Amino acid sequence: MLPEMTHTDPIAPTSADPRRQAARARLDRLWAAGTSFLGTDVAILGGAMSWISERHLVSAISNAGGFGVLACGAMEPARLAEEIAATQALTRRPFGVNLITMHPQLDDLVRVCLDAGVGHVVLAGGIPSGPVIRAIKDGGARVIAFAPAFVLAKRLVRMGVDALVIEGSEAGGHVGPVSLTVLAQEVLPFIRNIPVFVAGGLGRGDAIVSYLEQGAAGAQLGTRFAASTDSIAHERFKKAFIRANARDAVTSVQLDERFPVIPVRGLFNEGSRRFLRHQAETLRRFQSGELTKEEAQLDIEHFWAGSLRRAVIDGDVENGSVMAGQSVGMISSEQSVREIIDELVNQAVDALIRQEDRMHRE
Ligand SMILES: Cc1cc2nc3c(=O)[nH]c(=O)nc-3n(C[C@H](O)[C@H](O)[C@H](O)COP(=O)(O)O)c2cc1C
């Protein structure tokens, strides 16, 4: 029996207009390293988002010609195997699985991916170990890793990863300190032997073209897909995205340098206010001797436990963690994944046509 399919026909050519066709062909050449590495029509990845990047969103992105990535998050191996099988039942196209390197059962999760024939494993949440990279490659899959700085990019290339994602601090979720504008200049001219995908704050096709021209192989977006009709996120979560401006997606604030807070970008809400008060109160209890330094640090780290689920699934956008990139300001309605991808491609094509026009004027 054939697996249940949604929409699997390849992306239609953007138009019969020869100028558009030529520009589309140019776009296809610009991101050829990305599309051939991913096995897709367009080099657009749907970045893994915990609770959001499950079978429906991931298969929708892959069926629309992009590359969906399942978020394993804290799933157990059996649960991941189930989610991969369910995604494979919805698409015959390639998709990846994002594993968090500090997961206690990482080796088993890698085995689950390899046994299921997953072609690309994305390793997130820290620098992966050499043996994990080798195990994935020996099992026949490709490794994609995050490089938050140029030195780490070089190290990951030496360790044998097959592709990199450079994610700027504009992105939603856990972020590094450097913007994509700077990271791209630091990395793209120098890493030419493997595909490098850019992420963070991307909302339009014109911007994607500008990074392709700097040498990127493609782009990864999260926030725009989180608010799509194919996303299982709660309606209140999506409405919050539609309402928000870029400036509303801020990184978590650390009150005291002795107690580090992992920077997470999301919409500022009542939970963010309570987190500030919680840090101040924890600091007071530490200073009065009521808590040890370790206890105080754990107290701060545990504040957001379970809060992404609370926002995404329960729709509590006031107290939960509404992770979002600055690209949230470019969302004005709930669109399907296919509409988003078509729009990005059309904007990229328009940008290339405008560029041609400018060159002919000179
Ligand atoms: C709600 C949300 C949850 C995310 N969760 C994860 C995650 O579990 N693992 C991961 O590697 N990246 C995660 N990200 C980052 C995305 O994969 C992607 O790189 C990022 O969203 C790109 O920036 P953008 O949001 O501006 O498009 C998350 C992002 C968002 C918005």
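This is a predicted model: local features need pLDDT of at least 70, side-chain atom pairs count only at pLDDT 80 or more; totals for chains, interfaces and linings use all residues.
Residue A25 is partly exposed, because 13 other C-beta atoms lie within 10 Å of its own. In the terms used here, a residue is buried if 20 or more other C-beta atoms lie within 10 Å of its own, exposed if 12 or fewer, and partly exposed in between, with C-beta atoms placed from the backbone. A25 belongs to helix α1, residues 18-30. Helices (H or I, at least four residues) and strands (E, at least two) are DSSP runs, numbered from the N terminus. The C-alpha atoms of A25 and V349 are separated by 9.1 Å, although the two residues are 324 residues apart along the chain.

Residues are numbered from 1 along each chain as its sequence is written.

Let us turn to the whole protein. Its secondary structure comes to 15 helices and eleven strands. Of its 362 residues, 47% count as buried. The radius of gyration is 21 Å, which agrees with the value near 21 Å for a compact globule of 362 residues. That radius is taken over C-alpha atoms, and the globule rule is 2.2 Å times the number of residues to the power 0.38.

Next, strand β2. Why is β2, residues 67-71, described as largely enclosed by the rest of the structure? The description holds because five of its five residues are buried. F67, V69 and A71 point one way and G68 and L70 the other way, and all are buried. Strands β1 and β2 pair in the parallel sense over two bridges; two strands pair if DSSP finds at least two bridges between them. Here G46 stands opposite G68 of β2. β2 also pairs in the parallel sense with β3, residues 95-100, over four bridges, and G68 stands opposite F95 in that strand.

β1, α3 and β2 make a right-handed β-α-β unit, as do β2, helix α4 (residues 77-88) and β3. A crossover is right-handed if, with the strands pointing away from the viewer, the path from the first strand over the helix to the second runs clockwise.

W51 lies in the loop between β1 (44-46) and α3 (55-63). W51 has a positive phi of about 75 degrees although it is not a glycine. With 18 other C-beta atoms within 10 Å, W51 is partly exposed.

Strand β5, residues 142-146, is likewise a covered strand, with five of its five residues buried. Four bridges join it to the parallel strand β4, residues 120-124, and L123 has A145 as its bridge partner in β5. On to β6, residues 163-167, β5 pairs in the parallel sense over three bridges, with F146 opposite V165.

Finally, the ligand. Which residues come nearest to it? Of the 27 residues around the ligand, they are G47, G172, G173, G222 and G325. A residue is near a molecule or strand if its C-beta atom, placed from the backbone, lies within 6 Å of it. β9 (218-221) and α10 (223-226) each supply at least two residues of this shell.
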